[in-house]
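Here are my notes on the model you sent over. Have it open while you read, and go through the points in order.

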Amino acid sequence: MSPKCPHCGAPLQAFAVPEEGGWDSTFHVACFNDECSYFVRGRLRMEEVYGVKVSYRYRIDPTTGQSSPLAVWSKDALKDRILEAEITTDIAPAESAPSETAP
């Protein structure tokens with residue numbers, strides 16, 4: 001099963017992290033959907049609070065499983081580092097509650 005962004009449902013994509021970043025893995029996964037609410041809200045917040053025109057994307061470190069913001073300076077930032085790879089996880093999706101039906 002391919003991991004999806006919890007904010008927009010888009011599949012997460014693997015991207016190569018910079019060597020000088022100090023990460024334990026050579027890649028992370030992130031949401032590169034420019035319409036993702038996390039990305040859109042991030043830009044609005046960063047401009048409003050800090051006066052800068054940057055944003056962040058949803059990211060997961062595959063080594064730890066921890067999610068965190070991925071700072072980006074433009075819509076195209078880091079897209080040149082996207083890897084052509086299929087990402088899967090063995091984490092089962094959360095089961096939805098059974099729907100109630102009228103008798």
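1. How many bridges join E2 to E3, and do the strands run parallel or antiparallel? Two bridges join them, and E2 and E3 run antiparallel. Strands pair here if DSSP finds at least two bridges between them.

2. Some ground rules before going on. This is a predicted model, with local features needing pLDDT of at least 70 and side-chain atom pairs counting only at pLDDT 80 or more, while totals for chains, interfaces and linings use all residues. Residues are numbered from 1 along each chain as its sequence is written, and side-chain values use heavy atoms, with hydrogens and water left out.

3. Now the overall layout. The chain has one helix and four strands, and the pattern along the sequence is β-β-α-β-β. Helices (H or I, at least four residues) and strands (E, at least two) are DSSP runs, numbered from the N terminus. Of the 103 residues in the chain, 30% are buried; buried means under 20% relative accessible area, exposed over 50%, and partly exposed in between (1.4 Å probe, protein chains only).

4. On contacts and surface: among contacts between residues at least 6 apart in sequence, 46% join residues at least 24 apart. Contact means heavy atoms within 4.5 Å. The chain exposes about 7300 Å², and carbon and sulfur atoms supply 52% of that. Accessible areas come from the Shrake-Rupley method with a 1.4 Å probe, and for residues only the protein chains shown count as cover.

5. Six of the six residues of E3 are buried, so the strand is largely enclosed by the rest of the structure. E3 also pairs with strand E4 (residues 67–72) through six bridges, again antiparallel, and Arg57 stands opposite Leu70 in E4. The hairpin of E3 and E4 has six residues between the strands, and Gly65 in this hairpin takes a positive phi near 80°.

6. Ile60 belongs to E3, which covers residues 55–60. Ile60 is buried, with a relative accessible area of 18%. Beyond residues up to four places away in sequence, Ile60 touches Leu12, His28, Val29, Gly65, Gln66 and Ser67. Cys31 is 29 residues from Ile60 in sequence, with the two C-alpha atoms 9.3 Å apart in space.

7. Which residues are linked in a network of salt bridges? Asp34, Arg57 and Lys79 are. A salt bridge here is a side-chain nitrogen of Lys or Arg within 4 Å of a carboxyl oxygen of Asp or Glu. Side chains of opposite charge can pair when their charged atoms come close. A search of the whole structure finds two salt bridges.

8. Start with Asp34 and Arg57: their closest N and O atoms are 2.7 Å apart in the salt bridge. Asp34 lies in the loop between E2 and H1 and Arg57 in strand E3, so the pair ties together parts that are 23 residues apart in sequence. Both Asp34 and Arg57 are buried.

9. Asp34 also meets Lys79 in a salt bridge (2.9 Å, N to O). Lys79 lies in the segment after E4 and Asp34 in the loop between E2 and H1, so this pair ties together parts that are 45 residues apart in sequence. Lys79 is partly exposed, at a relative accessible area of 26%. Leaving out residues up to four places away in sequence, Asp34 touches Phe39, Val40, Arg57, Lys75 and Lys79.

10. Phe32 sits in the loop between E2 and H1 and counts as buried at 7% relative accessibility. Setting aside neighbours within four places in sequence, Phe32 is in contact with Gln13, Phe15, Arg57, Ala77, Leu78, Lys79 and Ile82. Phe32 and Ala77 are 45 residues apart in sequence and 9.6 Å apart in space, C-alpha to C-alpha.

11. Last, the surface. Val49, Tyr50 and Val52 form a nonpolar patch there, with about 270 Å² of accessible area together. Patches are made of residues with over 30% relative accessible area and no salt bridge; like charges are joined within 9 Å, and nonpolar side chains (Val, Leu, Ile, Met, Phe, Trp, Tyr) within 5 Å. Val52 is in the loop between H1 and E3, and at 33% relative accessibility Val52 counts as partly exposed.
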